Amino acid sequence: MMKASPRRKSRHRVSEADPPTVSCLLFVLFEVLCFLPPTLLLVWAVVYAGGLAWNGSHEQFNWHPFCMVLAMATFFSNGIVAYRVFPFHRRTRKALHALIHIMTLVVAAVGLAAVFQFHQANSIPHLYSLHSWCGLAVVCLAGMQWMGGLLSFILPLLSNNARADFKPWHVRIGHLIFFGAIATCLSGINEKMTFLGG
């Protein structure tokens, strides 16, 4: 008679005891793929779109796509995986998760400031497209999600039962915000290509 094999856990967490393996290589690949889009946008801005400036010119607008992709695609995705894959103590992962999302909001605020000031300097109406409304909604939702996480998990103002009930919603809503951010980034790139005649 064969022995039943022990059940495996469905989720693998990287621990301090795990040796460097395929999961480490996958994480490196993930990081390369995360930082590739903002790097390419920076190259596009500097080489093909006149560079970067903060003077109301079209070069100021170039900060907007760079900052928004860096924040809402690169940092946001790193914030999501920080809680799962970094080989640190749970409290450290939680703090890292929160700090990366703060960086997301700060860089997104710089990207929004760049585009609003560019529009103001060139007498372009604000929030005139679906992309702009979706982008503003995604950043506001990300801010509310961060505030909910801060109040619920960092400064635990909720009871243990309430936190346990809220946690799956926090994860799901975070994923929905991330997918909304990616869709908004893609719509913005599509909008810019339309303006460029491509």
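**Close-up views of the predicted model**

**View 1. The largest nonpolar core of this predicted model has 24 residues.** Within this core, the residues with the most contacts are Met 68, Met 72, Phe 76, Val 107, Ala 108 and Val 139. The elements that give two or more residues to the core are helix H3 (63-85), helix H4 (90-121), helix H5 (130-154) and helix H6 (160-196), and H3 gives the most, with eleven residues. In soluble globular proteins, nonpolar side chains tend to be buried together.

**View 2. The surroundings of Ala 108, one of the core residues with the most contacts.** When residues up to four places away in sequence are not counted, Ala 108 touches Met 68, Ala 71, Met 72 and Val 139. Of these neighbours, Met 68, Met 72 and Val 139 are themselves listed among the residues with the most contacts inside the core.

View 3. Leu 29 counts as partly exposed because its relative accessibility is 46%, a value between the limits of 20% for buried and 50% for exposed.

**View 4. The cysteines Cys 24 and Cys 34.** Cys 24 has a relative accessibility of 35% and therefore counts as partly exposed, whereas Cys 34, with a relative accessible area of 10%, is buried. A disulfide is a covalent bond between the sulfur atoms of two cysteines. For this model, the count of disulfides comes to zero, the rule being that a pair of cysteine sulfur atoms must lie within 2.5 Å.

Note on methods:
Residues numbered from 1 in each chain as written. Predicted model: local features only at pLDDT ≥ 70, side-chain atom pairs only at ≥ 80, totals over all residues. Heavy atoms only, no water. Buried < 20%, exposed > 50% of the residue type's maximum accessible area, 1.4 Å probe, protein only. Core = buried A, V, L, I, M, F, W, Y, C linked by side-chain atoms within 4.5 Å. Helix = DSSP H or I, 4+ residues; strand = E, 2+ residues; numbered from the N terminus. Contact = heavy atoms within 4.5 Å.
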